[in-house]
Amino acid sequence: MRYQFELIVGIIIILFIGIFLYTTSINPDAEFSGTDTVGSAIVSDITGIPEEDMAPLIPQWVPPSGEVEACIFALQAAFGGIVLGLCFGYLLAQRKTA
Amino acid sequence: MHIMEGFLPPVWAAIWWIIALPVVMYGFVQLKKVVDENRDTLPLLGICGALIFILSALKLPSVTGSCSHPTGTGLSAIVFGPYITAVIGFIVLLFQSLFLAHGGLSTLGANTFSMAICGPFLGYYVYRALKDSAINMYITVFLAVALADLFTYVITALELALAYPAQATGFMGSFVTFLGVFAVTQIPLAILEGAILALVFKYIVNLKPDILMKMGIFSEEKIKAAMEK
């Protein structure tokens with residue numbers, strides 16, 4: 001079958017979405033925050049130091065809001081996507097002209 | 001995900017920097033060599049690097065009720081080896097710590113060690129071990145990528161556990177706690193990433209089999225057999 005591989009990957013993606021929907025339905029309180037946030041909470045549990053008191057060792061620019069952060073993440077992915085498309089396009093065209 | 005700025009004591013932050021830096025520097029030397037000597041491989045390098053950029057920007061929800069992101073380093077480790085992957089991973093992590101406050105400059109060494117060094121090295125050795133075996137080429141890629149992703153977070157858990165052993169149960173106790181957060185969250189993401197990158201590898205095989213043969217990524221027989229299907 002020609003698209004067997006694509007089919008398998010498609011099923012894995014659907015399963016992944018299914019598991020996500022199932023998790024949200026059995027656990028409506030889940031915050032889906034990042035594991036770094038969860039991990040940091042455990043660190044402050046172990047050390048007994050509140051998270052706010054964990055001062056950065058090197059000063060750091062923090063995106064002022066979730067929107068700005070989403071924008072920069074989107075830029076990162078868009079940059080990757082452009083390069084990915086460019087390189088695949090290059091290989092495709094190379095094969096066509098060969 | 002990464003260790004946030006300020007969440008590693010200065011000693012540990014310095015130790016991971018000292019371990020990570022020579023590897024990244026050696027990677028730069030290798031990268032320059034590949035770029036200078038073998039221009040044909042540039043599109044492949046672009047694909048591998050771009051995938052790391054894209055995948056590490058995607059925060060995906062997981063079974064534990066928290067989010068994490070895939071690393072995307074496995075494919076690059078297979079095609080270009082772990083040192084060059086370390087450079088690309090380092091650049092992505094530097095970007096994220098400067099502009100996104102994901103990880104910080106002091107913890108960059110630790111994050112580089114887990115995501116850009118340990119993960120790719122494990123993926124590379126999994127690939128090397130299975131390369132000439134009877135196992136299907138795409139399953140080899142799947143396993144190398146998925147395990148590289150998972151191992152990254154095992155190392156993140158290790159780094160935090162070393163810095164913060166629990167008072168009652170010691171190092172092992174907090175290692176298990178951190179593994180529960182980082183590694184368990186990562187399992188479904190690792191499987192997803194492995195499947196997607198194996199598919200990308202199939203497209204590369206179909207488009208440019210000669211360069212993969214020339215680089216000796218897989219044997220000619222395996223690549224030809226895969227293309228006939």
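This is a predicted model: local features need pLDDT of at least 70, side-chain atom pairs count only at pLDDT 80 or more; totals for chains, interfaces and linings use all residues.

Biologist: OK, how many helices and strands does chain A have?

Modeller: Three helices and one strand. Going along the sequence, chain A reads α-β-α-α.

Biologist: And what's the radius of gyration of chain A?

Modeller: 21 Å, whereas a compact globule of 98 residues would come out near 13 Å. The C-alpha trace of chain A spans about 65 × 40 × 25 Å along its principal axes.

Biologist: What percentage of chain A is buried?

Modeller: Buried residues account for 12% of the 98 residues in chain A.

Biologist: How far apart are A:Leu21 and A:Leu84 in space?

Modeller: They're 30 Å apart, C-alpha to C-alpha, with a sequence separation of 63 residues.

Biologist: Switching topic: how many residues of chain A are in contact with chain B?

Modeller: 50 residues of chain A, and they touch 52 residues of chain B.

Biologist: Which elements of chain A give two or more residues to that side?

Modeller: Helix H1 (4-26), strand S1 (33-34), helix H2 (35-47) and helix H3 (66-97) of chain A. The largest share is from H3(A), with 17 residues.

Biologist: What's the make-up by class?

Modeller: On the side of chain A that touches chain B there are 33 nonpolar, 12 polar and five charged residues.

Biologist: Now chain B. At roughly what angle do the axes of H3 and H5 cross there?

Modeller: Roughly 125°, and the axes of helix H3 (residues 73-99) and helix H5 (residues 137-163) of chain B come within 8 Å. H3(B) and H5(B) are therefore oblique to each other.

Biologist: Left-handed or right-handed?

Modeller: The crossing of H3(B) past H5(B) is right-handed.

Biologist: Which residues meet there?

Modeller: H3(B) brings B:Thr73, B:Gly74, B:Leu75, B:Ala77 and B:Ile78. From H5(B) you get B:Val141, B:Ala144, B:Val145, B:Ala148 and B:Asp149. By class, that contact has seven nonpolar, two polar and one charged residues.

How values were computed. Residues are numbered from 1 along each chain as its sequence is written. Chains are lettered from A and ligands numbered from 1 in the order in which they are written. Helices (H or I, at least four residues) and strands (E, at least two) are DSSP runs, numbered from the N terminus. The radius of gyration is taken over C-alpha atoms; the globule rule is 2.2 Å times the number of residues to the power 0.38. A residue is buried if 20 or more other C-beta atoms lie within 10 Å of its own, exposed if 12 or fewer, and partly exposed in between; C-beta atoms are placed from the backbone. Axes are lines fitted to C-alpha atoms, for helices over the stretch in contact, and angles run from 0 to 180 degrees between N-to-C directions. Angles under 35 degrees count as roughly parallel, over 145 as roughly antiparallel, 65 to 115 as roughly perpendicular and the rest as oblique. A crossing is left-handed if the near helix is turned anticlockwise from the far one by less than a right angle, and right-handed if clockwise. Two residues are in contact if their C-beta atoms, placed from the backbone, lie within 7 Å. Ala, Val, Leu, Ile, Met, Phe, Trp, Tyr, Cys and Pro count as nonpolar, Asp, Glu, Lys and Arg as charged, and the others, Gly among them, as polar.
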